[in-house]
Amino acid sequence: MKHTPSLLLLLAGVLPSQLSHGQTPATSVRTTTELPTVTVTATPESLTVPTIAQAEQELALVTGGASVVNAEDYKKGRAVTLKDALDFATGVFTQPRFGTEEARISVRGSGIQRTFHGRGLKVLQDGVPINLADGGFDMQSIEPLAADYIEVYRGANALRYGSTTLGGAINFVSPTGYTAPAFQGRFEYGSFNTFRGQLSAADVLGNLDYYATVTHYSTEGFRDHSDQNTQRFFSNVGYKFSEDVETRFFLTYVHTDSELPGNLTKEELRNHPDRAQRNAFAKQFDYIDSDWQRNFELFRIANRTTWNLGEDQQLSFSSFYAYKDLDHPILFVIDQVSHDFGFDLNYLNNADLGGHKNHFIAGISPTFGLLDDVRFANVLGERGAKFAQNYQQSTNVDFYIEDLYYLTDRFAVSVGGQISYARRDNEDRFPVSATNPDNSDVQDWWGYSPKVGLLYELTESAQLFFNASRSFEPPSFGELSNSALGGAGLVELEAQTATTLEIGTRGKSANNRVKWDIAYYFSWIDDEMLELSVAPGLNQTINAGRTIHQGVELGLDVTLLEGIFARGTVAPAPALASAKGAKAVQPLAAPAPQDRLVFRQNYLYNGFRFDNDKEFGDNQLAGVPEHYYRAELVYEHPSGFYLGPNLEWVFNDYPVDFAGTLSADSYAILGFKVGYRTAKGLSIYVDARNLTDEHYAATTGVINRAGAFNQAQFLPGDGRSFFFGVEYKF
């Protein structure tokens, strides 16, 4: 069988030649030609961690917005923050609070009020949740350099991961011994004394494979009091019991210390964006004098075991345990120790149904969390008197099911849904007094989130899609236990729900010069969790009236020019062997690649507003710009060399408060990137950012009304900066 392709080519040449001379195969002159051996080998793959090609195949079965980010794309420049990794992920809005890892991250307006400790998305590593059981997640728990690729499933399209939230799910998929280089070293240095280093190793040893990486990141930051120092260790070890059964263990350790510089007024933003928030009259509000920080240590272990149950069926079982110790001096000092654990049982069946293609998925995903929350007075950065202690338990159980059935070869319909239960139990362990009421309380919520979708395949590489869905998001303890009025028990909140319609298309042109991912969605949201005024001068997360989120998510890559300097070559037609004088059959050579000029764009229209609210009417919701545009024009040479400018542009001013009395200015910042990247060997890059040194707000706080004493709501973006990186792979 090793010689089969060559023999077929030989026969294709010999038989027509013989027959044209009146010969038959039986009477022809036998000519022997020595041909090179053609060996076909299959690359081993993991059952528990799909390859990027497999992930893209799964994406083609989604009746809505979804995309895959190849880590090789963002590793061509600085790869420190979530913004670095997700800048060109369609539909994702990500802005760091002060140039480091803490960020506002939102999809379709999810968690719009949060500029810290994310909410409204299900974040996973290799399909296993990173979120705490109450729904919150830490950006510092994620290492972009330890990902092979990133899956982004927007909105209800994340049903396959049991996500019920408005935003959907983001899954960071790790390299394995099968996909990672045997050894890799990467070192980066740049402005603000920023240093980043990574070492990784991987191998396959019979039925066992492993991948391990350690990273260090430190920076003094663009602003005063914005130092960050983080060390991470990520690893996974897989073992194949057979071709159909594999188990894999994942181990994560994170130690991170982050100083917090706070917010600035618009005047401070314009004149001194590198300063921290100060307060000469009240030291507890001064970010430097009271040494505001967010530091934690995380240990996480997870397992995923996958069984192939025949050719078209697969069963996967995942489980995890995470321990986190948080030290968080702000207006007071928060000490938290948490234990989160859970599992996911997932069944997949791709067998035909009634002679038609069919894709069925079902699963159950319970998670549980135990958290001890202790609070002290902040005395110039040190712990003062203890004034609160609560023991909190979170429970979430999600059952999900979906079936995609092809009515014809090109047209499919999907039907699915989720049933969810959530419970938040707070036990107040601090002595009750006249000034300290008993905050013990329990709240729970049920949710049902149906989904129906349509998928039409225009060509083999282009699709149209439509879906209608519901989402369900219970509050986290961050919304429940921070009552501005100091009342007993938890804040009474309803779960946030939404009905969403979505239509769009994704694909690429026949000549691969155009690639697109475009979706329009409209969401009617009930009980959106927003921070609104509950008394003069006091804000609290409460359920708003009905709100509207609508938007356009556009990702578009266009190859403007090809063959500019490297024009490539066309493979010559193979010579045919003849009976009179055989010529060796030449193997078909792939044409040499061409250089090209590529224009990449990522645009978001965020039409988020109140819907006839009695206080705010139809005002725009605060915190996220209505129009956001990211683009780069890159020249790419087949040798691995690349260079080009990039642009980030917020078209219009956008509100900081719901009343619309304070706004962030529009801005445009320019950058430039040049480098050389190869699959093995040496790679280098230079990444220049904000070349015109613009003073701008990367993001803002979200408040009810700005008023005279609530103007410090702006989080400056970094000034002009330069970063250099070098990487070597064996």
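**Salt bridges in a predicted model**

Colleague: Is aspartate 665 buried, partly exposed or exposed?

Modeller: Happy to start there, bearing in mind that this is a predicted model. Buried would need under 20% relative accessible area and exposed over 50%. Aspartate 665 has a relative accessibility of 30%, so this residue counts as partly exposed.

Colleague: Which side chain does aspartate 665 meet in a salt bridge?

Modeller: Aspartate 665 sits in the loop between strand 30 (663-664) and strand 31 (667-676), and its partner is in helix 5 (residues 266-271), 399 residues apart. The N to O distance is 3.4 Å, and the residue is lysine 266.

Colleague: Nice! How many residues apart in sequence are the parts that glutamate 72 and lysine 729 tie together?

Modeller: These two form a salt bridge, with the closest N and O atoms 3.2 Å apart. Glutamate 72 is partly exposed at 28% relative accessible area, whereas lysine 729 is buried at 8%. Glutamate 72 belongs to helix 3 (residues 71-74) and lysine 729 to strand 35 (residues 721-729), so the parts they tie together are apart in sequence by 657 residues.

Colleague: How many salt bridges does the count come to?

Modeller: The rule asks for a side-chain nitrogen of Lys or Arg within 4 Å of a carboxyl oxygen of Asp or Glu. Some residues are linked in a network of salt bridges, among them Glu72, Arg186 and Lys729. The count of salt bridges comes to 47.

Key
Residues numbered from 1 in each chain as written. Predicted model: local features only at pLDDT ≥ 70, side-chain atom pairs only at ≥ 80, totals over all residues. Heavy atoms only, no water. Helix = DSSP H or I, 4+ residues; strand = E, 2+ residues; numbered from the N terminus. Buried < 20%, exposed > 50% of the residue type's maximum accessible area, 1.4 Å probe, protein only.
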